[in-house]
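Biologist: I want to walk through this model piece by piece. Please put it on the screen, and tell me how the parts are named.

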Amino acid sequence: GLDLAALHSLLKAQAPDALLSVQVGTGLLPDLEKILPHADRVHWTGADTADEDLFRKLVNRKTALLIEPAGPDADAASAAAIRLADAAIRAGVQDVSVTLSPTCLPSPLPAIRLLALRLDRAGLDAGIVLLDRPHDRNADPRLGPGSSLGGLLCEGTGDSIQIELPDPVESHRRSFDILQAARVRITRTDFISCPSCGRTLFDLEETTARIKARTSHLKGVKIAIMGCIVNGPGEMADADFGYVGGAPGKINLYVGKQPVKFNIPEAEAVDRLVDLIAEHGKWVDPEPEEPPAAVA
């Protein structure tokens with residue numbers, strides 16, 4: 001079986017701020033004595049009625065609780081989430097969150113919106129976890145979570161997201177992609193590119209690849225790559241720096257909305273963009289890559 005103690009120790013060694021969340025169904029609650037010493041959060045699925053014994057154990061261990069009620073109907077499930085969260089908080093559980101199964105009808109967006117509305121009306125101090133299991137609802141594993149969770153984040157709904165895919169590394173990557181796109185958590189360079197049209201004055205894909213190769217390590221910096229000066233400056237209004245086609249073979253560079261360098265030969269423009277980023281104090285050198293391990 002899974003060695004939770006070893007997993008918890010490894011997690012804390014690699015990522016001290018990360019939390020180990022253990023998912024348990026109602027029928028597995030008797031195993032909590034083995035789970036709780038190594039869990040930072042219990043994800044209680046299939047929840048239906050309050051469990052005072054569970055709440056007491058969580059309080060004693062100062063363990064967080066995520067409640068995912070049973071049932072495919074958003075109305076009943078959200079009502080159950082509020083009822084159970086209220087009971088847990090009253091019992092003294094200090095960190096309580098709620099979520100709904102992504103298969104709740106009619107769909108994840110209206111279901112979570114209903115949950116958020118009821119949580120606000122109840123005045124409960126509980127977070128909302130935006131959960132998706134795209135395979136359970138026959139959704140595309142790339143587009144499904146983005147369209148459901150991303151829309152909620154852009155509305156300001158949700159305190160964290162959780163995407164469950166067969167590959168945990170892919171789950172992690174998709175989660176941070178969505179957080180970045182929704183402007184909730186910026187963890188890498190943010191590139192903004194126009195879709196390209198007949199006015200584009202350079203090879204957009206090749207140029208974007210070259211700029212990414214030089215700047216993708218700049219956490220939190222927004223760089224726009226725009227094909228022309230007709231629509232480009234408007235489309236990149238929230239970028240920190242802009243690379244814009246000014247004329248055939250010539251590039252204009254922007255800082256925010258202001259053009260600052262004009263008619264730079266395209267062959268020099270990426271280097272000049274890097275210089276401009278450095279002039280404004282946002283450049284750091286990339287960390288050196290570790291050499292490959294020797295093969296015996």
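Modeller: Helices (H or I, at least four residues) and strands (E, at least two) are DSSP runs, numbered from the N terminus. This is a predicted model: local features need pLDDT of at least 70, side-chain atom pairs count only at pLDDT 80 or more, and totals for chains, interfaces and linings use all residues. Residues are numbered from 1 along each chain as its sequence is written, and side-chain values use heavy atoms, without hydrogens and water.

Biologist: Which residue follows α10, and what is its phi?

Modeller: Helix α10 takes in residues 266–279. After α10 comes Gly281. Its phi is positive, near 75°.

Biologist: Which residue in β6 stands opposite Leu131?

Modeller: Strand β5 covers residues 127–132. β5 and β6 pair in the parallel sense over four bridges. Opposite Leu131 stands Gln162.

Biologist: How far apart are the end C-alpha atoms of α6?

Modeller: The expected span of a helix is 1.5 Å times one less than its number of residues. With 13 residues, α6 should therefore span 18 Å. The end C-alpha atoms agree, at 18 Å.

Biologist: At which residue does α6 bend?

Modeller: The bend at a residue is the angle between axes fitted to the seven residues ending there and the seven starting there. In α6 the angle is about 25°. The residue is Leu149.

Biologist: Is Gly150 buried or exposed?

Modeller: Gly150 lies in helix α6. Leaving aside neighbours within four places in sequence, Gly150 is in contact with Pro145, Ile178 and Ala182. The cut-offs are under 20% relative accessible area for buried, over 50% for exposed, and partly exposed in between (1.4 Å probe, protein chains only). Because its relative accessible area is 9%, Gly150 is buried.

Biologist: Which residues have the most contacts inside the largest nonpolar core?

Modeller: A nonpolar core is a set of buried Ala, Val, Leu, Ile, Met, Phe, Trp, Tyr and Cys residues joined through side-chain atoms within 4.5 Å. The largest has 49 residues. Helix α4 (residues 74–91) gives the most to this core, with eight residues. Those with the most contacts are Phe55, Leu65, Ile67, Val98, Leu115, Ile128 and Leu130.

Biologist: What relative accessibility does Ser97 have?

Modeller: Ser97 is found in strand β4 (residues 96–98). Not counting residues up to four places away in sequence, Ser97 touches Leu65, Leu66, Ile67, Gly127 and Val129. Ser97 counts as buried because its relative accessibility is 12%.

Biologist: Which residues does the cis peptide bond join?

Modeller: Most residues other than glycine have a negative phi, and most peptide bonds are trans. Here omega is about 10°. The second residue of the pair is found in the loop between β4 and α5. The bond joins Leu105 and Pro106.

Biologist: What is the phi of Lys62?

Modeller: Lys62 lies in the loop between α3 (52–61) and β3 (64–69). At 72% relative accessibility, Lys62 counts as exposed. Its phi is positive, near 55°.

Biologist: Where does Asn263 lie?

Modeller: Asn263 also has a positive phi, near 55°. Its relative accessible area is 46%, so Asn263 is partly exposed. Asn263 lies in strand β11.

Biologist: Which residues in α10 are buried?

Modeller: What covers them includes α8 (204–215), β8 (222–226), β9 (241–247), β10 (250–255) and β11. The buried ones are Ala269, Val270, Leu273, Val274, Leu276 and Ile277.

Key: Pairing = 2+ DSSP bridges. Contact = heavy atoms within 4.5 Å.
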